[in-house]
Amino acid sequence: MAPVVLIVGAGDYIGAAIAKRFAQGGFTVSLGRRNGDKLAPLVTEIEAMGAQAHSFSMDARDEESVVETFAQIENNIGPLEAVIFNVGGNVRFPIEETTSRVFRKVWEMACFAGFLTAREAARSMVPRKRGSIFFTGASASMRGNDGFAAFAAGKAGLRAMAQSLSKELGPKNIHVAHLVIDAGVDTAFVRERIKQAGGNPDTLPPDTLMNPNSVAEAYWMLHQQNRDAWTFELDLRPYGEKW
C-alpha cells in the first residue's frame, strides 16, 4: 500500500506543487480545500503521473469538517504518513480598518485551522508512532509588518504552536516542522500585488520570486530526514532577498 499524504490548503501553487512532489515520491495524495471541485484538474494531473489522488471539500476552520476529512482518509484510503498545513490568509488591513470579524477570520485561517489539523494528525499518528506534520509559515511568523497585524498574530501563533508540538510529539517519533516562506512566491496573487505597487513582475531579475516546485522540494526533503537530525524550522528565500 502506498503511503498517504494530506495537504490541507491545496491551492494552485505551493499546495499543488507539494502534492505533485509527494505523488512523484510514491505517495497517494489527499487534497483538501474549501471548494473541493476546484481540485479536479490537479487530481487529473496527478493521476496522469501514475499516482492516486483524492479530493475533499474541507473547511479547515470548521472542527466537524476537519474531523470528518481525517476519518474518511484513515478509513477509506489508508494511514496518513504525512500531513501538511498550507492554509494562507495573507491580507493587508490598516489597524483602523481591521474589524473584529476580519481579525478573527484571519486568525482562524492562519492559526486555529492549524491546531485542528495538527490535533487530528496526532490522533492518527501517535498510536502508530510515526509520521510527519509540517506547517507553512511566512515572514509574518517571525515579525509583524505595516498593515499585517491580523496576519502576523495568526502566523506567529501557528509557529509557537508548532514549536510546542515538536517538543511534545518528537519523542513519540512524529516529525513536526515549520517552514518560513520569507519571500514572494511566483503566483498570480503575488504578481498582482507587485502590479498594484507600481512594479512589473515580468521585468524582475531571474529567481526573484520563489518557484513553487523549489518550495515543494523542501517539504519532501524534510519528510526524508533521519530522526537523529530532524529540522524543526526551515526558512526559504531567494538568493537576492534582503532579510
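## Strand pairing around β1

Strand β1 (residues 4-8) runs parallel to strand β4 (residues 80-85), and five bridges join them. Here strands are DSSP runs of E of at least two residues, and helices are runs of H or I of at least four, numbered from the N terminus; two strands pair if DSSP finds at least two bridges between them. Within β4, Phe85 is the bridge partner of Val8.

β1 also pairs in the parallel sense with strand β2 (residues 28-33), over five bridges. Leu6 has Ser30 of β2 as its bridge partner.

This is a predicted model, where local features need pLDDT of at least 70, side-chain atom pairs count only at pLDDT 80 or more, and totals for chains, interfaces and linings use all residues. Residues are numbered from 1 along each chain as its sequence is written, and side-chain values use heavy atoms, with hydrogens and water left out.

## A covered strand

Five of the five residues of β1 are buried, meaning under 20% relative accessible area (1.4 Å probe, protein chains only). In a regular strand, side chains alternate between the two faces of the sheet. Val4, Leu6 and Val8 lie on one side of β1, Val5 and Ile7 on the other, and both faces are covered.

The axes of α1 and helix α2 (residues 40-48) come within 10 Å and cross at roughly 20°; axes are lines fitted to C-alpha atoms over the stretch in contact, with angles from 0 to 180 degrees between N-to-C directions. The two helices are therefore roughly parallel (under 35 degrees). Ala16, Ala19, Lys20 and Ala23 of α1 meet Leu42, Glu45 and Ile46 of α2, with contact meaning heavy atoms within 4.5 Å.

Definitions and conventions: Buried < 20%, exposed > 50% of the residue type's maximum accessible area, 1.4 Å probe, protein only. Parallel < 35°, antiparallel > 145°, perpendicular 65-115°, else oblique.
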